[in-house]
Amino acid sequence: MDDPQHDSDLALLAAWRSGDAAAGNQLCLRFQPKLRRFFGSKVPPPEVDELVQQTWLALAQAATRGSAAPVRTCFRGYLFGIARHVVLAYYRKHSRRDDFDPEVESIETLMPSLSRQLSLQRRVKQLELALQSLPLELQLLAEARYVEELSGRELAEIFGIPEATVRTRLFRARRLIDEALERLELRG
């Protein structure tokens, strides 16, 4: 079945590659909103226009280098294939990890929202305040266990108490932390 839109897009692409700037402008008008929507759900708002431009630039450069792959399905699929490569390159560049893997990473883990970051910072601050509300010996014990990840045996040795006592004190520390967090939630 022939798709007139598909044929029209391919004709515009061929004309643009032959030097017809008006055909390129027509493609931009047709696909700019779709590209903005595509990137808008994947990158911070200030980056959207830049990545849209990178997509058009990659399309134009492929044509001028003579390395433009033939469009096998439709122009839209071809364009979004380029957009996919642009967004993956963006996350490879901006990832805080050297082993970025798009098969594993999600947008949420790569670029948490500002509200999520603020919420996390607030929770960390509340936890810090809850820890500071503990008697000092319990705070030291809880931090040694949960921050430094020392074992019960190691804690028993450091604090000079039986391992069973370490477990009892950690249970008490967790209970007091939970109570402090509840009070902080009610206030905040």
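Axes are lines fitted to C-alpha atoms, for helices over the stretch in contact, and angles run from 0 to 180 degrees between N-to-C directions. In this predicted model, the axes of α2 and α4 come within 11 Å and cross at roughly 45 degrees; the two helices are therefore oblique to each other. The crossing of α2 past α4 is right-handed, a term that applies if the near helix is turned clockwise from the far one by less than a right angle, with anticlockwise giving left-handed.

On the α2 side, the residues that meet α4 are L27, F31, K34, L35, F38 and F39. Their counterparts in α4 are F75, R76, L79, F80, A83, R84, V86 and V87. Contact means heavy atoms within 4.5 Å.

## Basis of the model

Residues are numbered from 1 along each chain as its sequence is written, and side-chain values use heavy atoms, with hydrogens and water left out. Because the model is predicted, local features need pLDDT of at least 70 and side-chain atom pairs count only at pLDDT 80 or more, while totals for chains, interfaces and linings use all residues.

## Overall content

The protein has 9 helices and 0 strands. Helices (H or I, at least four residues) and strands (E, at least two) are DSSP runs, numbered from the N terminus. Of the 188 residues, 29% count as buried; buried means under 20% relative accessible area, exposed over 50%, and partly exposed in between (1.4 Å probe, protein chains only). Among contacts between residues at least 6 apart in sequence, 52% join residues at least 24 apart.

## Nonpolar cores

A nonpolar core is a set of buried Ala, Val, Leu, Ile, Met, Phe, Trp, Tyr and Cys residues joined through side-chain atoms within 4.5 Å. The largest one has 27 residues, and L35, F39, V43, W56, L59 and F75 have the most contacts inside it. At least two residues of this core come from each of α1 (4-17), α2 (21-40), α3 (45-64) and α4 (75-94). The largest share, 11 residues, is supplied by α4.

Leaving aside neighbours within four places in sequence, F39 is in contact with V48, L51, V52, T55, A83, V86 and V87. A second, separate core has 10 residues, including L134, A173, I177 and L181.

## Helix α8

In α8 (residues 152-159), L155, A156 and F159 are buried. Seen down the helix axis, these buried residues fall within an arc of 105 degrees, so they line one face of α8; the arc is that of the directions from the helix axis to the C-beta atoms. The buried residues pack against α7 (136-146) and α9 (163-187). R153, E157 and I158, on the other side of α8, are exposed.

## Individual residues

E149 lies in the loop between α7 and α8 and has phi near 60 degrees, a positive value in a residue other than glycine. E149 is exposed, with a relative accessible area of 62%. Just after α8, G160 takes a positive phi of about 65 degrees.

R37 is located in helix α2 and counts as exposed at 57% relative accessibility. The C-alpha atoms of R37 and V48 are separated by 8.7 Å, with the two residues 11 apart along the chain.

Note on methods: Parallel < 35°, antiparallel > 145°, perpendicular 65-115°, else oblique.
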